[in-house]
Amino acid sequence: MQSDNTLEELVNRIYADPVAYFQVGLKVEEFGTGLMVPFELNPAQMIVHAVAEKQLKEQNMVRIIVLKARRLGMSTYVQGRYFAKAATRTNRNVQIVTHSRSATNSMFNMARRFEENLPEEIKPEVRYSGKNELVWSDLGSSYSLATVGGKEVRGSKVDLLHCSEVAFWGDGGNEYLLGVLNTVVQGYQTEAFLESTANGVGGIFYERWKDAEENPASGWASVFVPYFVFSEYRLPFKDDKEKQTFKDSLGQDPSYGGEEEEKLLGHYAEYPTLEGDLRFQIDLETLKWRRQTIDVQCNGDIDLFRQEYPCNASEAFLTTGRSVFDKKSLHFMQLEAEKRVRETPPGLYNIPVKQKRTDTGLNRYYLERADDEGELIVWTPPQSDREYRIGCDVSEGIEIGTRDTDWSVAIVLDALTYEEQAILRTRIDPDLLAWKLVSLGRWYNNAMVAVESNNHGLVTLKFLQEIHQYPNLYYDKILDERSNRATRKLGFKTTLRTKPVIIDNLRELVREREIKLHNKTTLDEMASFVFQSNGSMSAATGSHDDCVMSLAIAAFATKLYPGSTRWKEQRYQPEKKRFSLYHAPGV
């Protein structure tokens, strides 16, 4: 028996630090063996724990949505965290909601094991009710579990909420989620975790995840945990010869992703934790495990592996229907984009409207301001001897999901290399969008601006032409069938005839990897851009296609009006006079 002083020190320590409580008080099943062992956080749990503690300190509450690979222990972590708080504090009500009765029973059994294995010195008085509930009588705290769709939670007061496998909540899940979230008040050290593996594009989990990922002001922190952070997801080699043979085979078998597999070698991710920054890297042992899991666990289906054991958040959300863009090329680009963000982060800018520079020189009449939360992402600032093309899709305000509407997007491409230079993604009135487009176009050497002329795009075009008098706008060439004469129409008109033309052009550029993209949102949209049952091409249900359409327009404008060949010659003959865009034909 410990002395009173020792016991008091122990209680104080575990009250202040949930990790200490895990180690001293909780027992969990060891991965692979099933043996009951003290709860030590694995790296995936350490990542989420750091985010939770940071939020709790800064906001006095926790709101986290976790997208994860399978069997990383997220449910175990949240259950342990909440059990520790309920068993050491007064009047804490815990509610766990799962997607199925079997999951509810499994989690309740975990809570029972927690309680049964607690050391006597820190074991509060508890009683069991008949509805998957533990009640600490002396503390006034409770720990309850329910299955989505039930009536146990609605109207209750909840301090600590855990919603498990939300992507699989099914019909009525959105209404149920709204109901249970409203049982948790803001602040007061309340907590809510939404966690799940992915289950395709669309649905409440996908919408909530995208909202948190793209909108820091939502109040929810998005945390993605890839499969390769888990040390158990590796297979050793028998000897160096087997290892070298395996290495030589990388990228050769399309069933494992072809060159995507080769590209994965050395791919890494870094996360801050309370123990310091952790770096996780894919090595040959990880790739050996990946191959075996594709064959054995996923029946040879690499797409299923990507969903169950994603390497990045983008590949987790598989689309239903046939993807328009080549999947291998997109995965390759996604890995390249992640590497670019890590090694050369983009600049963020804001373009204010109705403000101008006082030192007005050519191309500098309008403003761009560096801004850590800016809506303009700049990968490569404008170079004086380059030409650029800008494609713009103007928002119609269409509702995409229950919490989202479409965006106005402008993408800047290098007119010779098709490399993405910058992207503006904003929600703004179409007349004010014109101001931002003029600022962007002027900055990028009076770039050609191609605006979709459907609906609100006509307003944007009118302001570009008549109010701002922008000098380099894209015109469609329309053939009059009666007179057989070509006429020019301002902007790009998307129709049933023209849309396949620009999308097919972009498909070819992606397939042949003649275009270089850096923006994750654009690549995500391309991954969820599918052939519909009627043969049309559009975003999957619940997804956006604003970036896809603006990119397709920019790429088509680049094809019709490629960069000057005089600049191409200048590239290899620096002694010649630089080409000036303002002397280019048609500008």
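Me: What volume does the second largest cavity have?
Reply: About 70 Å³. Keep in mind that this is a predicted model.

Me: Okay, and which residues line the second largest cavity?
Reply: Val201, Tyr206 and Lys210 do, along with Ala313, Ser314 and Phe317, and then Asp524, Ala527 and Ser528.

Me: Which helices supply at least two residues of that lining?
Reply: Helix H7 (203-214), H12 and helix H17 (520-527) each do.

Me: How does the lining of the second largest cavity split by class?
Reply: There are 5 nonpolar residues in it, plus 2 polar and 2 charged.

Me: Switching topic: how many cavities of 30 Å³ or more are there?
Reply: The count comes to 7.

Me: And how much space lies in the largest cavity?
Reply: About 160 Å³. Its lining has 13 residues, and those closest to the centre are Phe317, Leu318, Lys327, His331 and Ala527.

Me: Which helices each give at least two residues to the lining of the largest cavity?
Reply: Helix H11 (302-308), helix H12 (313-316) and helix H13 (327-343). H12 also supplies at least two residues to the lining of the second largest cavity.

Me: Where does the largest share of the largest cavity's lining come from?
Reply: From H13, with 4 residues.

Me: Last one: how many nonpolar, polar and charged residues are in the lining of the largest cavity?
Reply: It divides into 4 nonpolar, 5 polar and 4 charged.

How values were computed
Residues are numbered from 1 along each chain as its sequence is written. This is a predicted model: local features need pLDDT of at least 70, side-chain atom pairs count only at pLDDT 80 or more; totals for chains, interfaces and linings use all residues. Side-chain values use heavy atoms; hydrogens and water are left out. On a 1 Å grid over the protein atoms alone, a cavity is a set of points where a 1.4 Å probe fits but cannot get out, and a pocket is an open set with protein on both sides within 12 Å along at least five of seven lines; lining residues have an atom within 4 Å of a point. Grid points are joined across faces, edges and corners, and a volume is the space filled by probe spheres set on the points. Ala, Val, Leu, Ile, Met, Phe, Trp, Tyr, Cys and Pro count as nonpolar, Asp, Glu, Lys and Arg as charged, and the others, Gly among them, as polar.
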